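Please take the sequence and the model that follow as the basis for a guided reading, which moves from the domains and their interface to the ligand, and then to local details of the chain.

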Amino acid sequence: MSRKKLSEKCGIVGIYHPSHSVASSTFFSLFSLQHRGQESAGIASSDEKNFFIYKNTGLINQVFDDKIIGDLRGNIAIGHTRYSTTGRNNLDNTQPFKASGQNGEIFLGHNGNIINSEDLIDLLSSWGISSFDTTSDSELLTLLYANAPGRSWSERSEFVMSKTKGAYSLVILTQNSLIAVRDPLGIRPLVLGKYREGYVIASETCALDHIGASFIREIDPGETLEIKNNKLNSSSIRRKSNKVALCSFEHIYLSRPDSILDGKLTYSVRMKMGETLAIEHPVAADLVIGIPDSAIASAEGYANKSKIPFVQGIVKNRYVGRTFISPDQKLRDLGVKIKFNTLNSIIKDKKVVIVDDSIVRGTTTPEVIRMIKDAGALEVHMRVASPPVISTCHFGVDTGSSYELIAANRRIFEIKRLIGADSLEYLSIDGLKESIDYQENYCIGCFTKEYPIPVQMEMDKLKLESIQKRENA
Ligand code: AMP
């Protein structure tokens, strides 16, 4: 059975309070992670006797209302917001997932991507579990946790971790506890905070700030943290090496600028990327414009260092959610015009530097450059605050397959021509490393093809070769 990547770039939250209802705080916390997934959302709760769950497709505030939140009773809850580009029946793949087994009934929310799903399916089959409701790797994890051997959640989690390869930050709800798990490489972020008399777990620190919780620490790579009877019980898997590999794309694009990752404010890291980019690739121009929202900090950094004024230049309609855009051809043709508008009188007759955080498939950039040119810019110089994305992400970022990546098999001058820029330059790998303070502790595989664990590259290679053959034919 082929499993599509359905657990990409998601946001997860878990709240434990010794006595008070937590659904409403879980909602607000999840709401601040909307940028990590706009397809569907769900919350599962427990009052330590019964479980309650509600999930649906749509943006978080479309999915939940006061009545639904009120019905999610109990002092423990987990929430999930999902981002995915695949999967027909969205509702089936909406999380948290539920499973029952020898360890009782559990609910699970997953951020990341598993790379050895076939091994996990074989293991589950050996336990007599061979029918699945979804095509998601997260369902496999849910079934594994519900059935794993071990006397405690710590032992069960150690077992699951020993069988699972890939990226997984998890929140698990049992009848009377909240469990947080982070894979041994710590690829996706996960933090612990103090929430009133209890605790909160979340993908990013911004989800703590919005509910008045305070940051305690990150969940360690390889850690399982159980919160029960308002006590923390932490255990860690024995690891062969101390290697960790936080996804560098979290700093580049995925996380919110106000989130602190690996001790660094994302906004400041992005500024530094922009400054480094300006040192590496200066250009004579009148204005610097950042593509909203993720490239604004890097554009400010570029402007500060180059002493070229930063202007807004492009305005984004913040209310364009992917879910609202129907797959109607007329709308598709409008492309980024639905999302962005230009400040024409600011741009007209100017030489403009456009900064974006990344070019992945190369869909956004040519359209933005065309818009800027249509607004009357004399020259458009594209500066990208990350290196060329040359290889697919196997660990949960939707970069598409390698053959879809514009930089996978093209040189920079060819990309420049394709996107219609007057010049194009990217941040170097060394510039990225300097900006994120790289100490061998990040995954930069999408820029280098060197991943923290071996990945199966053959499929992508074959596809790439067949595309190249077709292009050359
Ligand atoms: P593309 O249009 O495919 O080249 O994607 C690059 C643009 O999408 C940039 O403007 C990024 O801000 C944004 N972006 C980067 N990574 C992702 C991602 N994983 N999912 C959605 N958008 C992304």
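Buried area is the accessible area, taken with a 1.4 Å probe, that two parts lose on being put together, summed over both. This is a predicted model, in which local features need pLDDT of at least 70 and side-chain atom pairs count only at pLDDT 80 or more, whereas totals for chains, interfaces and linings use all residues. Residues are numbered from 1 along each chain as its sequence is written, and side-chain values use heavy atoms, with hydrogens and water left out.

The chain is divided into domain 1 (11-245) and domain 2 (260-441), with bounds that come from an automatic or database domain assignment. Between the C-alpha centres of domain 1 and domain 2 the distance is 33 Å. Domain 1 and domain 2 bury about 1400 Å² between them, and 54% of this area is on carbon and sulfur atoms. On the side of domain 1 that touches domain 2, the elements that give two or more residues are strand E6 (104-114) and strand E7 (166-173); strands (E, at least two residues) and helices (H or I, at least four) are DSSP runs, numbered from the N terminus.

If contact is taken as heavy atoms within 4.5 Å, 20 residues of domain 1 are in contact with 15 residues of domain 2. Which kinds of interaction cross the interface of domain 1 and domain 2? Five residue pairs are in polar contact there, both residues at pLDDT 80 or more, while the count of salt bridges between domain 1 and domain 2 is zero. A polar contact is a pair of N or O atoms within 3.5 Å; within protein, one must be able to donate a hydrogen and the other to accept it, and residues adjacent in sequence count only if both atoms are side-chain atoms.The ligand has 15 residues around it, of which Asp356, Asp357, Val360, Gly362 and Thr364 come nearest, where a residue counts as near if one of its heavy atoms lies within 4 Å. An oxygen atom of the ligand lies 2.6 Å from a side-chain N or O atom of Asp356, and a polar side-chain atom of Ser294 is 3.3 Å from an oxygen atom of the ligand. For Asp398 it is a backbone N or O atom that lies 3.2 Å from a nitrogen atom of the ligand.

The structure as a whole holds 18 salt bridges, each defined as a side-chain nitrogen of Lys or Arg within 4 Å of a carboxyl oxygen of Asp or Glu. In one of them the side chains of Glu204 and Arg36 meet at 2.8 Å, N to O. This pair links distant parts of the chain, 168 residues apart, with Glu204 in the loop between strand E10 (198-202) and helix H7 (206-209) and Arg36 in the loop between helix H1 (23-31) and strand E2 (40-46).

The backbone also has local details. The peptide bond from Gln95 to Pro96 is cis, with omega near 5°, and Pro96 lies in the loop between strand E4 (76-82) and strand E5 (97-101). Another cis peptide bond joins Pro292 and Asp293, with omega about -5°.
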